[in-house]
Every structure is written in structure tokens, then in C-alpha cells.
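Here's a quick briefing to read next to the model. Have the sequence and the 3D view open as you go.

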Amino acid sequence: MFINGQLYQSPSFDIPSIVDRVGGGDAFASGVLHGLLSDESPQTIIDFATLATAMKHTVHGDVNQFSVEEIQLLMKNGTKEIKR
């Protein structure tokens, strides 16, 4: 994410088995919007949005089924590999 002349990048995540890619972009966009509306820092926004889309890739359907609290817990624990 590029804001005010500063580039913010998220960590990458290893998803050994992608279940369904449909809805991944929506999960990312929703994560960005959530962060902006919650007045989060740019780094937190991009980290949250990236993890939200990574988690969406692990379930069937086009809707991210994970709560804000679940994604924040994963962020706090510093996960790099998504296991389902």
C-alpha cells in the first residue's frame, strides 16, 4: 500500500493447499476498508487485509468466514503458514 509517499508491505503467507480463490480480492478490499474505517496504521491495514485474503483462500465460497478477532489473533501470533 502506498500512502503519503511511503510504501507499506505485508509479510507473505504460505498456503499449502488453496481451497477456493473466488472472493480473495473482496476479502482484501474489505480488510483495507475495515482498517481505514477503524483508523488503523497503514502497516496494520495492509497486514490485516493480506491475512484476511490468505485465510479466505482456505475455505469454499466467495465470502471470508473469519471474524476480525480471529484475524487479529493470527496477526498477534505472527503466523507465516496458513494451516486448515
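N4 counts as exposed because its relative accessibility is 79%, where exposed means over 50% relative accessible area, buried under 20% and partly exposed in between (1.4 Å probe, protein chains only). This is a predicted model, so local features need pLDDT of at least 70 and side-chain atom pairs count only at pLDDT 80 or more, while totals for chains, interfaces and linings use all residues. Residues are numbered from 1 along each chain as its sequence is written, and side-chain values use heavy atoms, leaving out hydrogens and water.

**Two loop residues with positive phi**
- N4 sits in the loop between β1 (2-3) and β2 (6-7); helices (H or I, at least four residues) and strands (E, at least two) are DSSP runs, numbered from the N terminus.
- Phi of N4 is near 50°, a positive value in a residue other than glycine.
- D39 isn't a glycine either, and has a positive phi of about 60°.
- You'll find D39 in the loop between α1 and α2, and at 69% relative accessibility it counts as exposed.
- For background, most residues other than glycine have a negative phi.

**Helix α2**
- α2 covers residues 42-56, 15 residues in all, and reaches 21 Å from first C-alpha to last.
- That is close to the 21 Å expected at 1.5 Å a residue, the expected span being 1.5 Å times one less than the number of residues.
- Twelve of those 15 residues are buried, so α2 is largely enclosed by the rest of the structure.
- Among the buried ones are I45, F48, L51 and M55.
- The cover over them includes α1 (24-37) and α3 (68-77).

**α2 against α1**
- The two pack at an angle of about 150°, with axes 8 Å apart; axes are lines fitted to C-alpha atoms, for helices over the stretch in contact, and angles run from 0 to 180 degrees between N-to-C directions.
- α1 and α2 are therefore roughly antiparallel (over 145 degrees; under 35 is roughly parallel, 65 to 115 roughly perpendicular, the rest oblique).
- Residues of α1 that meet α2 include G24, F28, G31 and L36, with contact meaning heavy atoms within 4.5 Å.
- On the α2 side, I45, A49 and K56 are among the residues that meet α1.

**α2 against α3**
- The axes of α2 and α3 come within 10 Å and cross at roughly 110°, so these helices are roughly perpendicular.
- In this contact, T44, D47, F48, L51, A52 and M55 of α2 meet V68, I71, Q72, L74 and M75 of α3.
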